[in-house]
Amino acid sequence: MGGMKILSRRRVRELQWFGLVLSIVTCWNVAPRTSELSRGHSPEPVSVNKPPGKLVALTFDDGPKPYVLMGRKSQKGVSSPSLLDLLDREGVKATFFVMGFRLADTANDFCRQIDVGINCRQAAEEEHRRGHEIENHTYGHGTFSKMAKRYGEDWILNDIDRASRIIQSLTGVRPRYIRPPDWDISETLRKEIEARGYHVMTKSKGDVSEAPALEDVDSQDYIYAKLRSPQSAAKTEHDYVLQRIDQRERKGICTHILVFHELPISVEVLSTLIPELKQRGYRFELLEDYMKSLAAAPK
Ligand SMILES: [Zn+2]
């Protein structure tokens, strides 16, 4: 019995090593060459059959929140480092899934409550000006299952269109990606939204398996933000996200869509996480470019 136990432990260790080596080999082979790290100097378009390399699409939900984006104190006294300045310093472009109602003129009073400086629409204009992408997180942020029961599915489709219109009035471009609030969506509704030309972001498609590279990796920052000690909460959130990435790498997955919210804790976490991921050979792309890189990869 004892011998078997030792043997099985050794076997487990061997398998763990094998997994680690496999992940290093798979992720190592597709790591970008140094010349590819600075995209600005690479005039060539994404070529067909080129491995995507180690890629992260960094995304943020629930904004725009001026005090987080610009780094100020909110009127409620909560202060945050600037997310947009951090991204600039790191040369990272990100994708923001905004709530449409925050871009409306009528939201000004609401936005001034969370920041005495600029309003939400101006903060979104700043996101756009600095080269980030703005995508659709619906207009009113109503959970689809609840809204469907209360108002019907057409109401949800209208809410999405309403958000697209107001985002387009700011960026000049119709959003192509939708993240349903709380990832709550039925299969029929997903198909209807996709039929309108949108890509629906998902954690899991349930019975229909989604390619791991297209699955949202949830940082769960909204949970860590509620922990009592902000210092240890940031460390715990940081370790949790890295753990998720490690787990995916062990399966040979080197492309990740990371989901954060516009929260002060996430700015803190990302100030160390972004350089760490860069050191591991990751490069950051807008969601649109990330999707193009995946599409160009060998099947
Ligand atoms: Zn949300």
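Predicted model: local features only at pLDDT ≥ 70, side-chain atom pairs only at ≥ 80, totals over all residues.
Local features require pLDDT of at least 70 and side-chain atom pairs count only at pLDDT 80 or more, while totals for chains, interfaces and linings use all residues. Residues are numbered from 1 along each chain as its sequence is written.

**Exercise 1.** Determine how helix 4 is oriented relative to helix 12, and which residues meet.

*Solution.* Helices are DSSP runs of H or I with at least four residues, and strands are runs of E with at least two, numbered from the N terminus. Step one: the axes of helix 4 (residues 83–90) and helix 12 (residues 264–279) come within 10 Å and cross at roughly 5°. Axes are lines fitted to C-alpha atoms, for helices over the stretch in contact, with angles from 0 to 180 degrees between N-to-C directions. Step two: helix 4 and helix 12 are therefore roughly parallel (angles under 35 degrees; over 145 is roughly antiparallel, 65 to 115 roughly perpendicular, the rest oblique). Step three: Leu83, Leu86 and Glu90 of helix 4 meet Val267, Leu270, Ser271 and Ile274 of helix 12, contact requiring C-beta atoms, placed from the backbone, within 7 Å.

**Exercise 2.** Identify the strands that pair with strand 2, and the sense of each pairing.

*Solution.* Pairing requires at least two DSSP bridges between two strands. Step one: strand 1 (residues 55–63) pairs with strand 2 in the parallel sense over four bridges, and Gly63 stands opposite Val98. Step two: strand 2 and strand 3 (residues 133–136) run parallel, joined by four bridges, with Phe97 opposite Glu135.

Technical notes:
Contact = placed C-beta atoms within 7 Å.
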